[in-house]
Amino acid sequence: MITRIMSFCEESKQLAKDFIRMGELVAFHTETVYGLGADAFQDDAVLKIFERKGRPADNPLIVHIHGGYDLSRLIDSEPVYAAALREAFLPGPLTMVYPSTGKVSQYVSCGLNTLAVRMPSSETAQKFLKAVDVPIAAPSANLSKHVSPVTAKHVYDDFEGKIPLILDGGACSGGIESTVLDCTGDIPKILREGLITREMIVSVVGCCEVYAMQEGEKPKSPGMAYQHYAPHCKTAYFTEKELRAAKELYNKEKEAEGNPCFLIKTELQDLVDGEKLLLGSTDVEMASRLYSLLRSGEKKYSLLIGVEPEERGGAMTGVLNRMRRAFGSEG
Ligand code: TXA
Ligand code: MG
């Protein structure tokens, strides 16, 4: 199969419509990371996502809809706070989890009685979703466990010859995956941190919990239980306070003829000598750079040494979650 990378135009629009109707997969730009899409109504198409990605069969998918899509075609009702949050943040990097009504393929939710719905703000995503006019089930367009893709080339690197079309919308500005919010209870509950932060949700509806998995419990959002975002090179992870140990490891790797590199906040760059990739300064900047640095770093270096920034709150919660998981210091 030939994999074409095309920006959104009349020709790619027609191709995308044809491929989706035929049950094929189409990767597309969103404002967070690229998605690997299939018609959410077609069982075989949805199953293809799991197969081509190597995704565990119990990790459910998000369905993506365009701005004009009638939500009542997918869900029966929603709490008052959910409507307020949709009004405030959609289209945008917020995924909302509702009680399922069984309208899309059963393989989308993997046996959970809920359905995750997202309305991306990316122009390419909106045009694509409007053109096909069916809900599109889509995980991030990376092979399972690898770093999520934030350019069309990243998708190509993982899926060359395995999918027919990548809709190129340039680099993803957000850089980490959407916030996943459970909207099935009395109070909204964050299942995965992202760029729509707890603080932002509280400012609209006055409250927001953060889900913490209890020991022995079945995870509410199965994806959070898997190791993720791992670069293909070796990794190590230190806090700002452990810089000495980080430098020792760097030197050891050098002595062993390796090719190490630090991944570090821009302000700390003068504290370490040698190769470094700069994460940026603000939470939003770090989010937008993290995955492309991991993707370029894994190609160039034998060992990436992550240094955890001390900043907390806001989008940092999501950035730290992704960093810890990429560097293997958390499930
Ligand atoms: O920004 C994003 O959300 C990107 C773009 C492509 O939209 N998508 C994405 O999909 O990150 P994926 O499959 O890589 O991550 C989806 C997460 C997983 O952790 C999954 O377990 C969770 O959402 N999820 C999906 N459906 C769910 C449901 N019904 N209940 C709870 N969690 C769900
Ligand atoms: Mg993913």
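## Ground rules

The model is predicted: local features need pLDDT of at least 70, side-chain atom pairs count only at pLDDT 80 or more, and totals for chains, interfaces and linings use all residues. Residues are numbered from 1 along each chain as its sequence is written, chains are lettered from A and ligands numbered from 1 in the order in which they are written, and side-chain values use heavy atoms, with hydrogens and water left out.

Helices (H or I, at least four residues) and strands (E, at least two) are DSSP runs, numbered from the N terminus. Two packed helices are described by the angle between their axes and the distance between the axes. Axes are lines fitted to C-alpha atoms, for helices over the stretch in contact, and angles run from 0 to 180 degrees between N-to-C directions.

## H1 against H5

Helix H1 spans residues 10-21, and helix H5 spans residues 123-132. Their axes come within 9 Å and cross at roughly 55°. That makes H1 oblique to H5. Angles under 35 degrees count as roughly parallel, over 145 as roughly antiparallel, 65 to 115 as roughly perpendicular and the rest as oblique. The crossing is right-handed. The near helix is turned clockwise from the far one by less than a right angle in a right-handed crossing, and anticlockwise in a left-handed one.

Lys13, Ala16, Lys17 and Ile20 of H1 touch Phe128, Ala131 and Val132 of H5; contact means heavy atoms within 4.5 Å. Five of these contact residues are nonpolar, none polar and two charged. Here Ala, Val, Leu, Ile, Met, Phe, Trp, Tyr, Cys and Pro count as nonpolar, Asp, Glu, Lys and Arg as charged, and the others, Gly among them, as polar.

## H9 and its two partners

Helix H6 (residues 152-159) packs on helix H9 (residues 283-300) at about 50°, with the axes 11 Å apart. H6 is therefore oblique to H9. The crossing is left-handed. Lys153, His154, Asp157 and Asp158 of H6 meet Ser292, Arg295 and Lys299 of H9. This contact has no nonpolar, two polar and five charged residues.

H9 also packs with helix H10 (residues 316-326); the axes come within 9 Å and cross at roughly 20°. The two are therefore roughly parallel. H9 passes H10 in a left-handed crossing. Among the contact residues are Met286 and Leu290 of H9, and Val319 and Met323 of H10. By class, the contact has nine nonpolar, no polar and two charged residues.

## Around ligand 1

Ligand 1 has 29 residues around it; Thr32, Asn59, His64, Arg118 and Ser178 come nearest. A residue is near a molecule if one of its heavy atoms lies within 4 Å of it.

A polar side-chain atom of Thr32 lies 2.6 Å from a ligand oxygen. For Ser178, a polar side-chain atom is 2.5 Å from an oxygen of the ligand. A side-chain N or O atom of Thr114 lies 3.0 Å from a ligand nitrogen.

## Two backbone exceptions

Most residues other than glycine have a negative phi, and most peptide bonds are trans. A cis peptide bond joins Leu90 and Pro91, with omega about -5°. Pro91 sits in the loop between helix H3 (80-89) and strand E5 (94-99).

Asp133 has a positive phi of about 50°, although it is not a glycine. Asp133 lies in the loop between H5 and strand E7 (136-137).

Note on methods. A polar contact is a pair of N or O atoms within 3.5 Å; within protein, one must be able to donate a hydrogen and the other to accept it, and residues adjacent in sequence count only if both atoms are side-chain atoms.
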